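Got the sequence and the model open side by side?

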Amino acid sequence: STLFPYTTLFRSRSPDVTVNYTINEAEDRDWNEQWEQEGFEPIVVENQMVIHDGRHLPTSYNTSVVSIEIDAKLAFGTGTHETTRMVCATLLSLFKSQPSGIRRVLDCGCGTGILGIAAMKLGASECVGYDIDEWSVDNTRHNAVINCVEVTPLHGDASVLEKVERS
């Protein structure tokens with residue numbers, strides 16, 4: 001059992017405590033499949049941005065709101081996580097306060113590409129993203145296309161940035 005070393009370590013530090021556990025075999029299936037088919041409800045950020053999938057279009061929103069469609073597949077990032085919403089809110093604030101000051105954006109660990117797509121829709125002139133997961137790079141490329149923006153996703157760790165032109 002992979003838990004054995006942990007329970008042994010725990011007992012050595014807390015001899016009066018007993019740890020009981022049961023190991024069950026997990027079903028061998030694509031656990032994302034149901035989530036991918038069902039999608040997610042639209043997420044509104046600061047009443048200025050709505051993130052949605054193709055199955056759950058926003059019912060109503062102001063035309064000045066930035067709309068981002070995400071087809072998540074196996075990549076991370078739909079806007080449901082607090083940090084994604086927080087960065088989107090920060091991007092909204094930055095582009096509002098410096099509309100011509102932000103030109104290049106780097107999306108590290110791009111996942112679905114949501115942050116790069118948001119930056120491009122808000123006015124960035126260039127976005128490069130990278131991810132160690134090939135599925136994420138493909139998903140970023142796909143989501144950029146469905147959002148009609150150009151994001152350059154690279155596959156690999158931060159060393160792939162050596163290929164990016166610096167200005």
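Predicted model: local features only at pLDDT ≥ 70, side-chain atom pairs only at ≥ 80, totals over all residues.

Residues are numbered from 1 along each chain as its sequence is written, and side-chain values use heavy atoms, with hydrogens and water left out.

**The whole chain**

The protein has five helices and six strands. Helices (H or I, at least four residues) and strands (E, at least two) are DSSP runs, numbered from the N terminus. Read from that end, the order is α-α-β-β-β-α-β-α-β-α-β. Of the 167 residues, 37% count as buried, meaning under 20% relative accessible area, with exposed being over 50% and partly exposed in between (1.4 Å probe, protein chains only). Among contacts (heavy atoms within 4.5 Å) with a separation of 6 or more, 53% are between residues 24 or more positions apart. The accessible surface is about 10800 Å², and carbon and sulfur atoms hold 52% of that; the areas come from the Shrake-Rupley method with a 1.4 Å probe.

| Helix | Residues | Count | First to last C-alpha | Expected span |
|---|---|---|---|---|
| α3 | 82-97 | 16 residues | 23 Å | 22 Å |
| α5 | 134-146 | 13 residues | 19 Å | 18 Å |

Which residues of α3 are buried? They are Thr 84, Cys 88, Ala 89, Leu 91, Leu 92 and Phe 95. These residues sit on the same side of α3 because they cover an arc of only 155 degrees around the axis, the arc being that of the directions from the helix axis to the C-beta atoms. The spacing pattern has a simple background: an α-helix has 3.6 residues a turn, so residues three or four places apart point the same way. The buried residues of α3 pack against β1 (43-45), β2 (49-52) and α4 (114-122).

Now for α5, where Ser 136, Val 137, Asn 139, Thr 140, Asn 143 and Ala 144 are buried. Their arc is only 165 degrees around the axis, so they share one side of α5. On the other side of α5, Trp 135 and Val 145 are exposed. The cover over the buried residues of α5 includes β3 (66-69), α4, β5 (126-131) and β6 (152-155). After α5 comes Cys 148, with a positive phi near 60 degrees.

**The sheet and what lies across it**

β1, β2 and β3 form an open sheet in the order β1-β2-β3, with mixed pairing. Its edge strands, β1 and β3, each pair on one side only, where pairing takes at least two DSSP bridges between two strands. From one strand to the next, the twist averages 20 degrees. β1 and β2 run antiparallel and are joined by three bridges; Ile 43 has Ile 51 in β2 as its bridge partner.

α3 lies across β1 and β2, at about 40 degrees to β1. α4 lies across β2 and β3, at about 150 degrees to β3. For these angles, axes are lines fitted to C-alpha atoms (for helices, over the stretch in contact), and values run from 0 to 180 degrees between N-to-C directions.

**One leucine to click on**

Leu 122 lies in helix α4. Leaving out residues up to four places away in sequence, Leu 122 touches Met 49, Val 66, Leu 91, Leu 92 and Phe 95.

Technical notes. Expected span 1.5 Å × (residues − 1).
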